Amino acid sequence: GGRLLHGEGVAIGCALAFEVSQRLGLCSQEAPSRVRAHLKAMGTKCDLADIPGALPDADGLIALMAQDKKVLDGKLRFILARGIGQAFVATDVDMATVRGVLQQALAGR
């Protein structure tokens, strides 16, 4: 299957984090597209649609996130943003919002 460089995964995660933040009303509507435009300009992948090969569904992706080192006391920790350069850590993120963003990103493939 297609391999993903760590930096590419980070870039895609960054774009999706802004997407989640925007849906939660934390940052402006323009912020996610500004982040994506910047990543594209640097020539890096910035969307799940940029990943070749099969991907798990939204719940599968959430399960993979849960295996990550950022999990604390069984809670997923998310980096969210109030704007570009204004990131913070959150543990009480609405998973339905996360699932919705992932489903939409997967649908774009």
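**View 1. Val-98 and the residues it touches.** Welcome to this predicted model. Leaving aside residues up to four places away in sequence, Val-98 is in contact with Val-20, Ile-62, Met-65, Phe-78 and Val-93.

**View 2. The largest nonpolar core, with its 18 residues.** Two or more residues come from each of α1 (6–23), α3 (58–66), β1 (78–81) and α4 (95–107). The biggest contributor is α4, which supplies 5 residues. As a general background, nonpolar side chains in soluble globular proteins tend to be buried together.

**View 3. Another core, of 9 residues, apart from the largest one.** Its members include Ala-15, Leu-39, Cys-46 and Ala-81. Keep Cys-46 in mind, for the next view returns to this residue.

View 4. A disulfide is a covalent bond between the sulfur atoms of two cysteines. How many disulfides does the structure hold? The count is 0. Look at Cys-46: the closest cysteine sulfur, in Cys-14, is 10 Å from its own sulfur, so the two are too far for a bond. Cys-46 has 1% relative accessibility and therefore counts as buried.

**View 5. Cys-27 and its closest cysteine sulfur.** For Cys-27, too, the closest cysteine sulfur belongs to Cys-14, and at 11 Å it is too far for a bond. Is Cys-27 buried or exposed? With a relative accessibility of 11%, Cys-27 counts as buried.

Conventions. Residues are numbered from 1 along each chain as its sequence is written. This is a predicted model: local features need pLDDT of at least 70, side-chain atom pairs count only at pLDDT 80 or more; totals for chains, interfaces and linings use all residues. Side-chain values use heavy atoms; hydrogens and water are left out. A nonpolar core is a set of buried Ala, Val, Leu, Ile, Met, Phe, Trp, Tyr and Cys residues joined through side-chain atoms within 4.5 Å. Buried means under 20% relative accessible area, exposed over 50%, partly exposed in between (1.4 Å probe, protein chains only). Helices (H or I, at least four residues) and strands (E, at least two) are DSSP runs, numbered from the N terminus. Contact means heavy atoms within 4.5 Å. A disulfide is a pair of cysteine sulfur atoms within 2.5 Å.
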